[in-house]
Amino acid sequence: MSDFETVSVNDVPKDAFILDVREDFEWEAGHATGATHIVLGTLPERVGELDPDMDTYVICRTGGRSAQAASWLTGMGYTAFNIAGGSDSWIEAGLPMESENGQEPTVR
């Protein structure tokens, strides 16, 4: 496992590149505004879509999958941060969210 940092939702910079690694149905229900979506299982084949020179803040629902992704990305030479508490903490903190289904954003 590679070393990576875990940050609270309140420590994510306003202009951060956020990578959401949850499943499609989770993403559609609600996600951090402006986030990019790549399902964890497809990250190895889609990693080329990420900028290796940009800090990547990884989020999932509670922090487990994002920790896996942050560790893998760090091992691949990226600078990745795990967002502690994931989307659950994001929505609890009242940070901006949007949905893809036209409904009020929720975390699933």
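How many aromatic pairs does the structure hold? The structure holds one aromatic pair, where rings of Phe, Tyr and Trp (its six-membered ring) pair if their centres lie within 6.5 Å. This is a predicted model, in which local features need pLDDT of at least 70 and side-chain atom pairs count only at pLDDT 80 or more, while totals for chains, interfaces and linings use all residues. Residues are numbered from 1 along each chain as its sequence is written, and side-chain values use heavy atoms, with hydrogens and water left out.

**Aromatic pair**
- The ring centres of Tyr-57 and Phe-81 are 4.7 Å apart and the planes are at 15°, so the pair is stacked (planes under 30 degrees apart; over 60 is edge-to-face and the rest tilted).
- Tyr-57 lies in strand β5 and Phe-81 in strand β6, so the pair ties together parts that are 24 residues apart in sequence.
- Tyr-57 is buried, with a relative accessible area of 8%, and Phe-81 is buried at 11%; buried means under 20% relative accessible area, exposed over 50%, partly exposed in between (1.4 Å probe, protein chains only).

**Sheet**
- An open sheet with parallel pairing is formed by five strands in the order β1-β6-β5-β2-β4; strands (E, at least two residues) and helices (H or I, at least four) are DSSP runs, numbered from the N terminus, and two strands pair if DSSP finds at least two bridges between them.
- β1 (5–7) and β4 (36–37) stand at the edges with a single partner strand each, so one side of each is left without a neighbour in the sheet.
- β6 (residues 80–83) pairs with β1 over three bridges, and β5 and β6 also pair over three bridges.
- Within β6, Phe-81 is the bridge partner of Tyr-57, Ile-83 is that of Val-7, and Glu-5 stands opposite Phe-81.
- Ala-80 and Asn-82 point one way from β6, Phe-81 and Ile-83 the other way, and all are buried.

**Nonpolar cores**
- The largest nonpolar core has 15 residues, and those with the most contacts inside it are Val-12, Ile-18, Tyr-57, Ile-83 and Trp-90; a core is a set of buried Ala, Val, Leu, Ile, Met, Phe, Trp, Tyr and Cys residues joined through side-chain atoms within 4.5 Å.
- β5 and β6 each supply at least two residues of this core.
- Another core, of 14 residues, lies apart from it and has Ile-38, Leu-43, Leu-50 and Leu-73 among its members.
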